[in-house]
Amino acid sequence: DSSVGFELGSDSGAVSIAAKGRAAITVDGATGRVGVNTTTPAEALDVEGGAAMTGDVSVGGSLTVGGAQCCGTAYSFIAARTSDIQTTSSLQVLVFNTEVQDTQNMYSTSNGRFTAPVDGVYHVSWSVLSIYNGASHKPLDIRIYKNGASFKISSFENDNGETYQHTNDSLMVELEKDDYLQVYVQNSGTKVRPHVFLPHVLFR
């Protein structure tokens with residue numbers, strides 16, 4: 001059948017298996033790349049069209065879907081605080097001094113910065129315990145700063161005059177690689193115990 005056969009080029013050329021007059025599988029002699037329904041494979045295996053698989057697929061690197069990298073490298077981070085902070089200024093950074101998990105060295109325990117390892121949409125959550133002394137029951141203002149500018153404000157009022165007040169909040173924020181976040185407290189003279197700071201990437 002003349003519509004099915006082999007085409008063999010030079011040593012540096014391509015080897016093709018043709019079906020119905022069209023190259024169905026091509027091996028590029030120069031690069032060793034294999035193309036299915038394409039004669040110019042751009043990757044080790046380049047398939048033009050759909051694919052059906054009945055077994056498992058193992059990806060050792062990153063996975064790109066629709067032009068966007070969706071998964072691959074694990075970005076996992078949790079920071080906590082092991083001691084109280086007595087605020088001495090009207091705007092003071094909360095430094096979480098213990099990294100519970102940090103797979104890509106994303107957080108600094110010296111300046112409290114979380115630095116985005118990749119472009120993406122991040123879900124960021126935090127938890128802070130405020131400790132009030134006597135009759136000084138001030139509202140607790142937690143501020144999230146992005147690249148040194150205020151981005152999110154969470155204000156909690158201690159209406160009942162309780163000694164301890166636990167507050168937590170979260171947000172979604174789009175970050176570019178190397179953008180950074182910090183947690184600040186607005187009130188001076190308030191003792192706080194930052195519990196946890198947890199940013200993680202949702203979409204890339």
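Select Gln92 to start: at 16% relative accessibility it counts as buried, where buried means under 20% relative accessible area, exposed over 50% and partly exposed in between (1.4 Å probe, protein chains only). This is a predicted model, in which local features need pLDDT of at least 70 and side-chain atom pairs count only at pLDDT 80 or more, while totals for chains, interfaces and linings use all residues. Residues are numbered from 1 along each chain as its sequence is written, and side-chain values use heavy atoms, with hydrogens and water left out.

Gln92 lies in strand S10; strands (E, at least two residues) and helices (H or I, at least four) are DSSP runs, numbered from the N terminus. Show what surrounds Gln92: leaving aside neighbours within four places in sequence, Gln92 is in contact (heavy atoms within 4.5 Å) with Ile85, Gln86, Thr87, Val183, Tyr184 and Val185. Val185 is also the bridge partner of Gln92 in S17.

Next, select S17 (180-185). Six of its six residues are buried. Tyr180, Gln182 and Tyr184 point one way from S17, and Leu181, Val183 and Val185 point the other way. In a regular strand the side chains alternate between the two faces of the sheet.

S10 (residues 92-94) runs antiparallel to S17 and is joined to S17 by three bridges. S14 and S17 pair in the antiparallel sense over five bridges, and Tyr145 has Gln182 as its bridge partner in S17. S12 is antiparallel to S17 as well, with two bridges; here Phe114 stands opposite Leu181.

Stay on Phe114. Not counting residues up to four places away in sequence, Phe114 touches Phe77, Met106, Tyr107, Tyr122, Leu175, Asp179, Tyr180, Leu181, Phe197 and Pro199.

Of its 28 residues, Leu94, Phe114, Tyr122 and Phe197 touch the most other members. The elements giving two or more residues to this core are S8 (77-80), S13 (120-131), S14 (140-146), S16 (164-175), S17 (180-185) and S18 (191-203). S13 supplies the largest share, four residues.

Finally, colour by pLDDT, the predictor's confidence in each residue from 0 to 100. The protein chain has a mean of 77, and 74% of its residues reach 70 or more. Among its elements, strand S12 (residues 114-115) has the highest mean (92) and strand S1 (residues 4-8) the lowest (53).

Key. Core = buried A, V, L, I, M, F, W, Y, C linked by side-chain atoms within 4.5 Å. Pairing = 2+ DSSP bridges.
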